[in-house]
Amino acid sequence: MRGTRTKLTPYLLMLPGGLWLAVFFVVPIILMIGLSTMSGNIISGFGDPFHHFGNYIDGFTQYGHQWLNSAIYAGLGCLISIVLSYPIAYWIAFYGGARKSTYLFLILLPFFVSFVLRTVAWNYILSDQGIVLGRLKHWHLLSQNFHIIGTAPAVIGGIVYNYLPFMILPIYVALERVDPRVIEAGRDLYANAATVFTKVVLPLSLPGVFAGVLLNFVPAASDYVNAQVLGGTGNNMIGNVIYNQYFIVQNYPLQASLSFSLMGILLIGIFIYARALGTEDVLEAAAA
Amino acid sequence: MSAAILDGDTAPAPAAGRRPRVRQRKRRGERILHWITWALIIWLALPIAFVIMFSFNNPHGRYNITWSGFTLKYWNPSRLFGQYPDLTTALEHSFEVAVIATIGATVLGTLVGLALGKYRFRGQGATNLVQFACIAAPEVVLGSSLATFFLQARFQMGELTVIAAHIMFCLSFVAITVRARVLTLDPAVEEAAKDLGAGPWETFRLVTLPMIMPGVIAGALLAFALSIDDFITTEFTSGSFQTYPLWIWSASRQGLPPQVNVMGSIIFLIGVIFAIVYSIFSRRRA
């Protein structure tokens, strides 16, 4: 009796949470895959699932530009984020001393203001006649038709801004774990500062950089808020297309095929990543 | 300690003559890094400063984007909560959803975390995979697939569907945090409790739960933070139900009233004070 009970315990513990995930995550995803292979539209009704794969072709041929924008904005955003985050993470990890947690807290401050409000605030700060550009134009330091909002750099800037802490933290954690004795050993072997950095510190911190890329790229590539608030109408990403197909056009099969393509591409990418690094690291980085 | 070593203060003195220059260069490098760090902290804080500053602005038109004089009138509770009842309701909704979703996700996620951390069982790999996919899936996909599901099931979208969605995406984060904590536990402690005559429930309540509590609390805080600020999934699953971020989103096109800035500032201050108090307490306990 006792034996069967302990064997059942993990399943009983799993049951409520597992059911919740099954009903509200797995089932909707399966329904979405089915929907993505239906023909028809909202007025004349939809066909049977798994009969029509043209939505996938349409999704890539009609919205190639937005797919490309997503890849470029998120990719550039990640690169800029790494370049900005590494020095900070390095400085806090090695020179932060007793105030390390204070600096980390300061970096997390933006999270105490709503994501939408932060992004809209940037829109206001950088608006054509706002406190910055309006002043500069008033002083004739900028021409009247200069603008930032509505451009691709504004979208990339917004992406970097919103996800930067998710790059700094994993790099910091990786650098913090570097054993100072290893650096010392490098010195003792007559490596100069640059060699110690490229041969010792940088390789040891790469898992942090990889985790940061993951935490930045996935939300950035599928985001539509930054593109809509800061990019105007001309810099749409694939997230905007999915949003419009769902809320405005209501072409659910096409929207489902776009969603599944996006998720598939990102998950395959992550899977290759996870294989190279070990799943545990990626999961833990995601949790941190 | 690592800082001291990099400073070169504790390193054995190399040949005299080279040392001062190397040291000077290192100091300069350190100073530049220090400046970069502060510059980025200021950049990160800039929109917050803007939000707080413009909560004291007295705008002439609908757009609260140019400074036109200091006023405290929007901090007056009757104007703050009375002028836009929808905004006040949306803020209440945000807290309501966050509290319920945090409780739900923490209870369910803790159980999953315990199962994954303590036991080896069939289906564990599949569970890990589903959780991983749930965390890694883009929000726009989570939101749109859930909304399609609710549509097909003819389930009226509103507060309940938002709570269901929030519990779903918070659950895995709690489970991972708790699982990480469970893995650090020594199974001998639970065995000792059993040897001393404690039943499974007593062992859990008096031994396991107190030991995993830091993980549970961390998971709950994470869930609360994720839920209260969620925008994308909420927008897809909310129907006509509005939360604070949704209200800001729909109002931002016509210009946000200063009340939004005041509420944003208050939430910011409460959050910061809470975080500082929490860190002082946890440091004292440690």
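Reader: Which residues is B:L171 in contact with, leaving aside its neighbours within four places in sequence?

Author: In this predicted model, B:L171 is in contact with A:G17, A:W20 and A:L21 of chain A, and with B:A105, B:L108, B:G109 and B:V112 of chain B, once its neighbours within four places in sequence are left aside. To be counted in this way, the C-beta atoms of two residues must lie within 7 Å.

Reader: What makes B:L171 stand out inside the largest nonpolar core?

Author: The largest nonpolar core has 147 residues, and B:L171 is named together with A:A89 as having the most contacts inside it. Membership of such a core asks that a residue be buried, be of one of the listed nonpolar kinds, and be joined to others through C-beta atoms within 7 Å. Helix α7 (residues 152–176) of chain A supplies the largest share of this core, with 16 residues.

Reader: What makes up the contact of chain A with chain B, and which helix of chain A gives the most to it?

Author: Chain A brings 79 residues to the contact and chain B brings 75 residues. On the side of chain A that touches chain B, helix α1 (residues 2–36) of chain A gives the most, namely 19 residues. Sorted by class, that side of chain A has 62 nonpolar, 13 polar and four charged residues.

Reader: Why is α11(B) described as largely enclosed by the rest of the structure?

Author: A residue is called buried if 20 or more other C-beta atoms lie within 10 Å of its own, and six of the eight residues of α11(B) are buried, so this helix is largely enclosed by the rest of the structure. The residues in question are B:Y244, B:P245, B:L246, B:W247, B:I248 and B:W249. They pack against α4, α10 (232–237) and α12 (258–285) of chain B, and also against α5 (115–125) of chain A.

Reader: What is the angle at which α4 and α11 of chain B pack, and which residues make the contact?

Author: Helix α4 (residues 85–118) and helix α11 (residues 244–251) of chain B pack at an angle of about 145°, and their axes are 7 Å apart. From α4(B) the contact takes B:D86, B:L87, B:A90, B:L91 and B:S94, while α11(B) contributes B:Y244, B:L246 and B:W247. These residues divide into six nonpolar, one polar and one charged.

Reader: What is the handedness of the crossing of α3(A) with α9(A), and how do the residues of that contact divide by class?

Author: The crossing in which α3(A) passes α9(A) is right-handed. Helix α3 (residues 64–95) and helix α9 (residues 193–222) of chain A pack at an angle of about 145°, with axes 9 Å apart. The residues of this contact divide into ten nonpolar, six polar and no charged.

Reader: Why is A:H140 called exposed, and what about its phi deserves a remark?

Author: The cut-off for an exposed residue is 12 or fewer C-beta neighbours within 10 Å, and A:H140 has 8 of them, so it counts as exposed. A:H140 has a positive phi of about 60°, although it is not a glycine. Most residues other than glycine have a negative phi. A:H140 lies in the loop between α6 (133–138) and α7 of chain A.

Reader: What class does A:Q250 fall into, buried, partly exposed or exposed, and why?

Author: Buried residues need 20 or more neighbours and exposed ones have 12 or fewer; A:Q250 has 13 C-beta neighbours inside 10 Å, and therefore counts as partly exposed. A:Q250 too is not a glycine and has a positive phi, here of about 55°. Its place is the loop between α11 (238–249) and α12 (252–277) of chain A.

Definitions and conventions. Residues numbered from 1 in each chain as written. Chains lettered and ligands numbered in written order. Predicted model: local features only at pLDDT ≥ 70, side-chain atom pairs only at ≥ 80, totals over all residues. Helix = DSSP H or I, 4+ residues; strand = E, 2+ residues; numbered from the N terminus. Nonpolar A, V, L, I, M, F, W, Y, C, P; charged D, E, K, R; others polar. Axes fitted to C-alpha atoms, helices over the stretch in contact; angles between N-to-C directions. Left-handed = near helix turned anticlockwise from the far one by under 90°.
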